[in-house]
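Please examine the sequence and the three-dimensional structure shown below before reading the explanation.

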Amino acid sequence: MKQGSRFWAWLVFGVGTAYFVLPLLATFEFSLRKRRGEYSFDAYRSLFEDPNFQTTFTYSVVVAVFTILLGVLLVVPTAYWIRLRLPNLRPLVEFITLLPLVIPAIVIVFGYIRMFGSNSTLPFLATARGTDVLLVIGYAVLALPYMYRAVDTGLRTIDVRTLTEAAQILGAGWTTIIARIILPNVLIAVLSGAFLSFAIVIGEFTMASLLNRPAFGPYLQNIGANSAYEPSALAIISFAITWGCMSLIQILSRFAPKSANRPN
Amino acid sequence: MAEPFLSIQQVQKSFGATTVVQDFNLDVEPGEFVSFLGPSGCGKTTVLRMVAGFEEPSAGKIVVAGKDITRLKPNQRNVGMVFQAYALFPNLTVAQNIGFGLKVAGMPKPDADRRVAEMLDLIKLPQMGDRYPYQLSGGQQQRIALARAIAPKPKLLLLDEPLSALDAKVRVSLREEIRSIQKKLGITTIFVTHDQEEALSISDRIAVMYGGKAEQVGTPFEIYNRPATKFVANFVGTLNVLEGTVTDAASGKVRVNSQEVSLKGKLNGSKSGDTLSLALRPEAISLGRHPGRDSSLSGEIAEVHFLGSVIRVRVGIGGSTVSLDTFNSPATPPPAVGEKAEISFSSGDMLVLH
């Protein structure tokens, strides 16, 4: 009986692994076939040598960094305040943060184009820099469900109210409390949210394309439409970036401050 | 009488329609150790939190050293506080935790380091500065929390059930340590607890609270021996309560379960026919007749519990049961259940509860 259940467990595991890994292996194998008759990294070489790759990737990294900063500044104080003073509003805030998952990015970006066009009172789209700012805001909205959940989960692991009161009675103001007590204790959660945001921003196409910004997502699409082997190489690179981010989350979580109640 | 250091005047606190503290008044002398004792929900922690500034009184005022602090924020009050859940900052070392208040106050680093070392010596944990809170036991964490609270030299120290999360042995040693540090520093302290033994053993005065009010404020001796209300008598210590009827108010005769006892001089304001609650502490009762004990009641041994050095005996008297403790003597076997027994006591030890 036990042997039979182990067999089925391994079979399910094997099928699942094959389902995820085989397409990836096939993509990787195909990306190596650029040189006729032998395997090579020519597709990767031509990508890395493409100035557009470097420009768009750098652009997206910079946008991702600003998105993370905006997300942290927006989400950490909000989630903290909701936990501390407005717990009744939590379901509402959770619902709002989930909205980007159900409202397609294309709807959001068309809304932005109508709201912030060059004739509006807030003409973000009138300049390239303004459009960049709008793109960062848009990405922060797209990453909101992940960032909020990560930070909220981090806050759940500490006694926010008592730590806040302990810091207050020792003379600390709100900035000190958030910067020196709350943020360091949820830093790993914040970093998890940050890496998820990074992974989203790096591959995002819709917003960058419709706002006409030179981001990595539209570049991926453009290569996919015009080359044979490079799209597979790009897919592998994108996977590597995402997995790199996930691995960093795992590694950093080992350095999380330990509470007395949760020593391990 | 000198000016009180802490004065809580007519303080009231309501949450919506529920009033949790009403007309609370208390004056605390400089250097005094006062405990708020009461059951859960009696408002003792709410009063403490109002003194700390975490709750704003709905009415009344709080004055510390002549200054009205009622509307000040917690970080403007210069008050130290120790929490039940330790509340050490997990991301900071022990030394950083103790030095947190000093750093916030802008104390130069060498001075702050010196003060942290002093505090570590005071709580007898001089080698623990580099450890993190999760590496310490509950008792050690609470000592660090105490050191952190007193490091910035606060005017007032507030202790919110600091011993509740600790095991019995640590609780006793830590409460003695808290008291000795408090005496050494002469810091005015408010201690919240629901543990009567804790309150009785370390306080200068106790405020027994019930239903948002201070039922009685007094020294541990007064609270235990002269409880002002039925609640205080029942809550503090073990108490045997017997119902009696005044048969002759002038001569102080009271009938208890068809037996008569004399309570001369204790029936002020009572008249014949009144029913009274009469209370006796177990240690005021002896099994059998004893010289110097002028009153007695007859009954039957209902239960005998052998506790080692002490034997707890419960004697049924009519419909009531009276508990008393006798010392174990190897030469005398304990009484048997069902035996007839007589208990004796001094009428002066009898408390008449109103």
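The structure is a predicted model. In chain A, helix α3 runs over residues 51-84 and so comprises 34 residues by the helix definition used here. From its first C-alpha to its last, α3 of chain A reaches 49 Å, close to the 50 Å expected at 1.5 Å a residue.

Several residues of this helix are buried. Among them are Thr56(A), Ser60(A), Val63(A), Ala64(A), Thr67(A), Ile68(A) and Gly71(A). Val75(A), Val76(A), Ala79(A), Tyr80(A) and Ile82(A) are also buried residues of α3(A).

Helix α4 of chain A contains Val93(A). Why does Val93(A) count as partly exposed? Val93(A) has 16 C-beta neighbours inside 10 Å, whereas a buried residue needs 20 or more and an exposed one has 12 or fewer. Between Val93(A) and Ala9(A) there are 40 Å in space, C-alpha to C-alpha, and the two are 84 residues apart in sequence.

Chain B has 8 helices and 20 strands. Its C-alpha trace spans about 75 × 50 × 40 Å along the principal axes. Of the 354 residues in chain B, 40% are buried. Among contacts in chain B between residues at least 6 apart in sequence, 65% connect residues at least 24 apart.

Conventions. Residues numbered from 1 in each chain as written. Chains lettered and ligands numbered in written order. Predicted model: local features only at pLDDT ≥ 70, side-chain atom pairs only at ≥ 80, totals over all residues. Helix = DSSP H or I, 4+ residues; strand = E, 2+ residues; numbered from the N terminus. Expected span 1.5 Å × (residues − 1). Contact = placed C-beta atoms within 7 Å.
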